[in-house]
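Me: Please take a close look at one part of this model for me: the inside. I want to know what is packed there.

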Amino acid sequence: MTPDSPPSEAAAGRLRVRAGRFPWLLVVPASAGLAFLVLPFAGLLARAPWTTLGTRLLMPEVREALWLSMTTATAATAVAVLLGVPLAWLLARAEFPGRRVARALVTVPLVIPPVVGGVALLLALGRRGLVGRHLDEWFGLTLPFTPAAVVIAQVFVAMPFLVISVEGALRGADRRYEEAAATLGASRAVVFRRVTLPSVGPGVLAGAVLAWARALGEFGATITFAGNFPGRTQTMPLAIYLAMQESPESAIVLSLVLLGVSLVILVALRDRWVGAV
């Protein structure tokens, strides 16, 4: 058999057998890595007050934190979709100077510590901030330490998830349908509304759900920009932080809620968001 000739059937079969062997050398480090990630959650489940779980979920402070987290995360997701889908379209389809820089800026909130984002929001939108001082002087509008500040902080940290997901969906979409609609006389707005959006709908949905989950679990930017006022700006992560000092069992209950929501979302959408990224 010459170097360039294809392998025989027997040799190809042996190669397939070798390639299909279970990678035993990776089992030990892989198992250790999985155990390292799962062990903290196992401790959380083991210490959970299962007998009083329902009662604690109905406690006023827990109920207020749950409701505030759900409503602000939903509002933040709506804002992220409204602003993030057009931004994702521009990054995926439009050619303009500085597009790479814009894409890098979109991903910055994913890598910086959230508390840094909170400080940046405070310096930009605070009463003496770059924009906030004008809002206060011209309209008497003060954003920090209000429920609106909670939503803003959540949008800041969650919108990149949606933008990345939608941009990936747009790049993978078949543009022939859009071109066909354009040749039939459809305007850009009609093509975008009737063809583009339906074709990337699963990506938008996946990004929106991921953004909602990220907004639900936001802590650092929220506590820095919105504060931790019960019934006003105290979301579930902030309530967990406070409860750990006063009522650890309540903190465990809230942690279980966040863990359950995150686990369900990530298991259901893992293939979508991994493919999008």
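Reply: Contact here means heavy atoms within 4.5 Å. The model is predicted, so to speak of local features we need pLDDT of at least 70, and side-chain atom pairs count only at pLDDT 80 or more, while totals for chains, interfaces and linings use all residues. Residues are numbered from 1 along each chain as its sequence is written, and side-chain values use heavy atoms, with hydrogens and water left out.

Now the parts list. The protein chain has 14 helices and zero strands. Both are DSSP runs, numbered from the N terminus: helices are H or I with at least four residues, strands are E with at least two. Of the 277 residues in the protein chain, 36% are buried. Buried means under 20% relative accessible area, exposed means over 50%, and partly exposed is in between (1.4 Å probe, protein chains only).

Next, the largest nonpolar core. A nonpolar core is a set of buried Ala, Val, Leu, Ile, Met, Phe, Trp, Tyr and Cys residues, joined through side-chain atoms within 4.5 Å. The largest one holds 37 residues. Those with the most contacts inside it are Leu-162, Val-163, Val-166, Leu-170, Leu-216, Met-236 and Leu-254. Five helices each supply at least two residues of this core: H4 (60-93), H8 (147-172), H11 (201-216), H13 (236-246) and H14 (248-276). H4 gives the largest share, 10 residues. Zoom in on Val-163. Leave aside its neighbours within four places in sequence, and Val-163 is in contact with Gly-84, Leu-87, Ala-88, Leu-91 and Val-106. Another core lies apart from the largest one. This other core has 11 residues, among them Leu-135, Ala-221, Phe-225 and Ala-226.

Stay with H4 for a moment. Ser-69 lies in this helix. Ser-69 is buried, with a relative accessible area of 1%. A polar atom of its side chain lies 2.9 Å from the backbone oxygen of Ala-65.

Thr-196 counts as buried at 1% relative accessibility. Not counting residues up to four places away in sequence, Thr-196 touches Trp-89, Leu-170, Glu-178 and Val-191.

Now helix H6 (residues 114-125). At 1.5 Å a residue, its 12 residues should span 16 Å, and its end C-alpha atoms are 16 Å apart, which agrees. The expected span is 1.5 Å times one less than the number of residues. In H6, the buried residues are Gly-117, Gly-118, Leu-121 and Leu-125. Seen down the axis, they fall within an arc of 100°, so they line one face of H6. The arc is that of the directions from the helix axis to the C-beta atoms. The buried residues of H6 pack against H7 (132-139), H8 and H12 (220-225).

Last, a residue with a contrasting setting. Phe-145 is in the loop between H7 and H8. Phe-145 is partly exposed, with a relative accessible area of 36%. Its phi is near 65°, a positive value in a residue other than glycine.

Note on methods. Polar contact = N/O pair within 3.5 Å; in protein donor to acceptor, adjacent residues only side chain to side chain.
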